[in-house]
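Hi,

Here is the structure I said I would pass on.

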Amino acid sequence: MNRLRHPVGVAILLLGVLTPFVPLVLWSFAGRWRYPGLVPQQGTLRGVRLLADPTSQVLQGLATSATIGAAVTVLSVAVGVPAGRALGLYEFRGRSLVRLLLVAPALVPGLAVLLGTQVFFLRYGLADTRAGVVLVQLVPAIPYVTLIMSGAYANFDVDYERQAALLGARPWQVQLHVTLPALRPALTVAAYFAFLISWSEYALTLLIGGGTVKTLPLLLFAYAGGPDPTEAAAVALTVIVPPLLLMALVVRGLSGRGGTLGLARS
Amino acid sequence: MNLRPARALLVAGLLALTACGDATGDRPAAVSSDWPSVLKAARGQTVNWYMYGGDEALNSFVSRTLATKLKPYGVSVNQVKITDTVDAINKVLAEKQAGRNHGGSVDLIWVNGENFATGKQAGLWQCGYDLPNAKYVDSTNPAVTSDFGVPVDGCESVWQQAHSALVYDSSKLAASDVSSVTALFAWATAHPGRFTYPAPPDFTGSMAVRTFLYDTAGGPSAFPGPTVAAAYGPASARLWQRLLTLAPSLWRKGQTYPVSQADVEKLYGQGEIDAYLTYGPGAVAQQVSKGVFPSSTREAVFRSGNIANDSFVAIPANAAHQAAALVVANQLLDPATQLALFKANGAYPAIDLARLPAAERQQFQAVDLGPSVLPLSELTAHVQPELAAAYVTRIEADWKTHVLQR
Amino acid sequence: MTGRRPRWVTIVLLLAPAVTVVGVLFLGGLGLGVAQSFGYLPFLHGWHWGLDGYRALWHDPAVTASVGLTLRVALVSTAVATVLGVAAGLLLHSLVRGRRTVTAVFGSTLAVPHIVGALAMVLLLSQSGLLSRLAHAAGLSGTPAHFPALTADGFGWGIIAEYVWKETPFVALVVLAALSGGIGELRGVARTLGAGPWQRLRHVVLPLIAPAVAATSVLVFAFSFGSYEVPALLGRPYPAGLPVVALQYQQDVDLNSRPEAMAVAVLIAVVVAVVVAGYLALIRRLSGRPL
């Protein structure tokens, strides 16, 4: 069949997904848009100008979010990949308990878990710092990395590593040239998830960052609560663009590889 | 929840208990009253100033104009925008509770009223400093020496005056509809759903309720003294009755109230309501010029008067950058800065214009903010002072019980 | 790997970083929360153990109303997102041409933070929002007040809308992934044996995707129950979402509220744990049944 199957269904699907974006985009450029106008009565670029204005602190927020996001990604991958390897490749007593412990933070709401720690962060000087925020964001991020990587390792044939070792490769060479390339799709997805979790985080950043560490979600929350929807919408669009761009890159990277083990290289 | 002064006392008591556990007893460094050494210590410091962030004109003033004026002293300002001053107070208190007696993350707070009172009771503020520019302030003016009935005692420095006013869409309300509270309520009843006020304890919502109380009771003279007088009982009962009668004609039929002043302004900008009360009438000009508010926006003051108060900046005793905070507080009192602030968002100067030379005084009087903003003469014609902090907390609690939860 | 070190050492070394971080922050955080809910006040003297926090919670109308709202919103959102997500996933799977593009567009919401979704819903669903203006243009609503209140409302419709919008594509993508195995062959076999489309759906497709969908809907529930920013932007101050209440009480200057704040946090954790455990047990029992 060459035509699109279920056109009505697809149309409803796309409509449902895309509709909320419409007022967001329109408001970003709305100079005057009073009820009951369906389109803005007047356009403006002040929403866009706001992004570059140092008063709005949006660029600052972008830098803060990016820095914290990068740190959380790197750390949670560094910690979650070995854990995923242990859970995926090895059978051992207590494995389900460890798995439960490492996955639980994905289920139990982070704010509930970390509410009691704020006093300690405050006392030991970690509150109102980026380091403190990175630390708490690891809690929701590590489970996702661990889970994805344990699934990937479970599907990984460890014989490839043995073969490479037999051929004389050192352990770190085996990891670098055999294992990690084979796991690259899962690794990419895991890293992306970790970054996304950090980028989107609000409550934990508010709790530990105390309003001093100004990530984009914190700024957006303030604008969203304010009287000017144009500014809020403009900041919101800024918040969406990096994750969407990264998602496009990840998808393109994944479909290129096609899930092979990458052994074609050797 | 308990009354705030009682809670503050509890906190102060608990803080006293922390003293026994504090082995080193670190005290904040004593602030020098020698101004040149303050300037020297302040050079290179950045002040973390916690202030309400919903006023774009003010934010712009702080990050541009004020920053430029502070540059010669090597001081910069990091504006930490908050939605409610109590958040900053809680932060300093939390730091004290956790034993952080110096190097605090809050250097300066824009504060007044019950928040200042809470901080004073808990011993949060740095007090007794002398600012060179304080000579421009009229130290005999009760509005400057007493903050919502609590003596200032040198624990905060005055910054700007706030005059409340009613903002309304003149294409929907006539001048007669806004001349008095009774007229406004009658208009609201005839046009249900087009007026509301934020739920106390929001600062502006609290002011709205107090404005209605003044109208009901004939003015603040009915409520003297630092503690709640006997006359409050019957007067407030009449007020709650009046507000309950009004409620069904409010936005969302009075079943819920906007949670903050920002929400109210959003409703007005979106055309869901046609009038609201504000503490910042000067900021309306910018919203009109941006197109967020309709150009038919005007302001009015009730015949029974409008509430005005002074707001201050206070420095926590555990602030990390005390010297720089003092420099900022001093700069805010500088006449040129006060003029710039006035031009930026209509914030009436807190300094005594009579102490300025005639030429500078005229510059203040020549400022024109456009048709949407009431001229100063009208804003200040029927000014009513604030009630003591004890009344404020009582009114907020009673409103919750008698109006919201009915 | 090399056989030079004992296997258990390798396992411990691999797990140590993750277990340390999660152990300290997650278990430690929960422990501290529980301790503080029973009266422990760190760095201060004069506190005592007691049930005051839980007693206050039990008698607090703000909390009781909040539990009702949060539970209702989470359950409705999870149910709707699961049903719609399965339907959408099946629809996407059945597409031959354009599956890639449609799936990409559909899945783009995954990259959108919830706080942006909440703002979008406010701009769409408020009484002066885009939907209301469309209703006005269609002659259905004369003023903003005539349009039903979907934001800052008592039921939580706006909150539900945001969760459904964000989580339906998530469920759909999981369904799509679960179907990417040998589903075509199984369906073909079933068709040959005379099964109609509805029977194929019920006895082949749904059981195949059920485990993945169950796990996903558990995740959706847990997230919806524990989310802070969405009820903060789309809900009412009273009743507020449970996490909003927890943070509000924790930031209260009055230390009397601290045990109650921690009790609310513990309540959130317990509710999620109970629902998740019960749900997983149910799934395990159901999947034990022969087809």
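Predicted model: local features only at pLDDT ≥ 70, side-chain atom pairs only at ≥ 80, totals over all residues.

Between chain A and chain C there are zero salt bridges. On the chain A side, Y35(A), L107(A) and L115(A) supply 10% of the area buried against chain C, more than any other three residues.

Y35(A) turns up again in the backbone. The peptide bond from Y35(A) to P36(A) is cis, with omega near 5 degrees. You will find P36(A) in the loop between strand 1 (30–32) and strand 2 (42–43) of chain A. Chain B has a cis bond too, joining P200(B) and P201(B), with omega at about 15 degrees. There, P201(B) sits in the loop between helix 7 (181–190) and helix 8 (203–217) of chain B.

Now for chain B against chain A. What is the count of salt bridges between chain B and chain A? It is four. In this contact, 31 residues come from chain B and 27 from chain A. The area buried between them is about 2,300 Å², with 44% of it on carbon and sulfur atoms. In chain B, the residues that lose the most area to chain A are A98(B), Q270(B) and K290(B), which together make up 21% of what that side buries.

One salt bridge to look at joins the side chains of D128(A) and K91(B), at 2.6 Å from N to O. D128(A) has something else going on: its phi is positive, about 65 degrees, although it is not a glycine. This residue is in the loop between helix 7 (118–123) and helix 8 of chain A.

Over all chains, the salt bridge count comes to 16. Inside chain A, R85(A) and E161(A) form one through their side chains, 2.8 Å from N to O. R85(A) belongs to helix 4 (residues 58–89) of chain A and E161(A) to helix 9 of chain A, so this pair ties together parts that are 76 residues apart in sequence.

Helix 4 of chain A also holds P82(A). Leaving aside neighbours within four places in sequence, P82(A) is in contact with V77(A) and with L14(C). The C-alpha atoms of P82(A) and M149(A) are 8.6 Å apart, while the two residues are 67 residues apart along the chain.

Y144(A) is worth a click as well, and you will find it in helix 8 (residues 130–154) of chain A. Again leaving aside neighbours within four places, Y144(A) is in contact with A106(A), F193(A), I197(A) and L219(C). Y144(A) and P105(A) are separated by 39 residues in sequence and by 9.2 Å in space, C-alpha to C-alpha.

Last, some helix packing in chain A. Helix 9 (residues 159–166) and helix 10 (residues 171–182) of chain A pack at an angle of about 140 degrees, and their axes are 10 Å apart. Helix 9 and helix 10 of chain A are therefore oblique to each other, and their crossing is right-handed. From helix 9 of chain A come Y160(A), E161(A), A164(A) and A165(A), which meet V174(A), Q175(A), V178(A) and T179(A) in helix 10 of chain A. By class, the residues of this contact divide into five nonpolar, two polar and one charged. E161(A), listed here on the helix 9 side, is also the partner of R85(A) in the salt bridge above.

Helix 10 of chain A packs against helix 11 (residues 184–200) of chain A too, at about 65 degrees and with the axes 5 Å apart. How do helix 10 and helix 11 of chain A lie, roughly perpendicular or roughly parallel to each other? At that angle, helix 10 and helix 11 of chain A are roughly perpendicular to each other. Here L180(A), P181(A) and A182(A) in helix 10 of chain A meet R184(A), P185(A) and L187(A) in helix 11 of chain A. Five of the residues in this contact are nonpolar, none is polar and one is charged.

Cheers

Notes: Residues numbered from 1 in each chain as written. Chains lettered and ligands numbered in written order. Heavy atoms only, no water. Axes fitted to C-alpha atoms, helices over the stretch in contact; angles between N-to-C directions. Helix = DSSP H or I, 4+ residues; strand = E, 2+ residues; numbered from the N terminus. Parallel < 35°, antiparallel > 145°, perpendicular 65-115°, else oblique. Left-handed = near helix turned anticlockwise from the far one by under 90°. Contact = heavy atoms within 4.5 Å. Nonpolar A, V, L, I, M, F, W, Y, C, P; charged D, E, K, R; others polar. Buried area = accessible area lost by both parts, 1.4 Å probe.
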